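Student: I would like a careful look at a single part of this model, together with what surrounds that part. Could you take me through it in one connected account?

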Amino acid sequence: MTRRTEIKQALAAQGVDSDIVVKGWVRNFRGNNFVLFVALNDGSSLQNLQIVFDREKHNAEELKKITVGCSMSICGKLVQSEGKGQTVEVQAETFEVLGLADADEYPLQPKKHSLEFLREIGHLRFRSNTFGAITRVRHAMIYAIHTFFTERGFYNIHTPIVTGSDCEGAGQMFHVSTLDPKNPPLAEDGKIDYSQDFFGKETNLTVSGQLEVELACMAMSKVYTFGPTFRAENSNTSRHLAEFWMIEPEVAFNDIHDNMDLAEEFLKYLIQYALDHCREDLEFLQERLLQEEKSKPESERSMPLLEKLQFVLASDFERLTYTEAIEILQKSKPAQKGQFKYEVKGFGTDLQSEHERYLVEKHFKKPVILTGYPKEIKAFYMKQNPDGKTVAAMDVLFPQIGEIIGGSEREADYEKLKNRIEEVGIPMKEMWWYLDTRRFGTVPHAGFGLGFERLMLFVTGMTNIRDVIPFPRYPKSAEF
């Protein structure tokens, strides 16, 4: 029996007039009284494979079962195509409809569908060209991430999903409990007695694997975690998800400058990998975006996708301090004319996406890395600078998206870290294990976090983060 050939392989085949078995889902079909043409796709390629059925050779009742959305297996001969739009096609000899699709009810008909509609049929949207392309690019980026770190001697660490710590101090976490919500055990003070819970303490879904991956860093030197993270932030926007994936490397003996070098190298590697291995899908996504933005004034249109990716590769990232950035922003035309939605008030201003994009797209015209942020607007674990006001933090800023990476050199001094934990009000009893790494052989170390879906937004040119993760989780939505 001839083995199945993936459609991607069939389209790239050099030899023709060969027997072939292909399987997939019908995207479209057309024909006349003599011949039926079926466009078949199995997810391996953006392109469909044309299957040609000679009506005289096949049972008419069986051919009627072929509808958009049905699945098929076809045995036939791969030949050069004489028609336009494809170089090869399959002349069907035998076929089987593996799974019928009700022609009247199948929602994904061969026409243009809005992204909003496709979110409503999330169980089927993988079959659209757009989400097929996004899925292939997402896989390529996952592979590239692991390849980048493996080639550089990093070890992948699986950090816990259920945790008793709040890495960011944000307080917007999903609780994990097996206690009866209607009748939980109470302590003497009237509060829920979590000592009787499954883990013997209050636990949550993690917001970051950073604190735990730091523990591995203190022995393995170069580590990274790549896993799901969760934020119970009631934000129903195109930029927020309740469940998303984070890549977080941590490197012993690195300072903030080494950290910036690693972040720049990492991002350029991923973007180059996408250009080298996902060109067809990226060109399709670029054209989709161009069509979507046709009605917009030219000044409001996005940079073409491939041009935007090359923009990142073209230059060394500009590096400057937060204080220098504030001065540039205050002197800028948008600030002088009151065009920023959020005013840049001076040192201590928490920069917004519009400020970050101005620095990247208008002022420097290249990606930017900002360092030396005020300690009050950054996390407790960041290394305090000698000035007493700033920390050795860094944010990498990209066009059209603003911040794509956030990181820092970590505070390695036990007393300084302990004092900072007390300042921000984190219970010391929850952080003893983290502080121990500063008591027993502490070293300078640094790391950063890259939100994977934020990267996917940039690489694919999509504008809603719900469209770059297979099963988006956001307020009032956990449907699929």
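**A hairpin and its surroundings**

Tutor: Strands E14 and E15 form a hairpin with three residues between them, and Gln400, which lies in the turn, has a positive phi of about 65°; helices (H or I, at least four residues) and strands (E, at least two) are DSSP runs, numbered from the N terminus. This is a predicted model, in which local features need pLDDT of at least 70 and side-chain atom pairs count only at pLDDT 80 or more, while totals for chains, interfaces and linings use all residues. Residues are numbered from 1 along each chain as its sequence is written, and side-chain values use heavy atoms, with hydrogens and water left out.

E14 pairs with E15 (residues 402–409) in the antiparallel sense over six bridges, where pairing requires that DSSP finds at least two bridges between two strands. Within this pair, Met394 has Gly407 of E15 as its bridge partner. E14 also pairs with strand E13 (residues 368–374), again in the antiparallel sense and over six bridges, and there Leu370 stands opposite Asp395 of E14. E14 itself (residues 390–398) is mostly covered, since nine of its nine residues are buried, that is, under 20% relative accessible area, as against exposed (over 50%) or partly exposed (in between), with a 1.4 Å probe and protein chains only.

His445 is buried, with a relative accessible area of 0%. Its side chain makes a polar contact of 2.6 Å with the side chain of Glu214, and it reaches the backbone oxygen of Val443 at 3.0 Å; a polar contact is a pair of N or O atoms within 3.5 Å, of which, within protein, one must be able to donate a hydrogen and the other to accept it, and residues adjacent in sequence count only if both atoms are side-chain atoms.

Just after H14, Gly461 takes a positive phi of about 80°.
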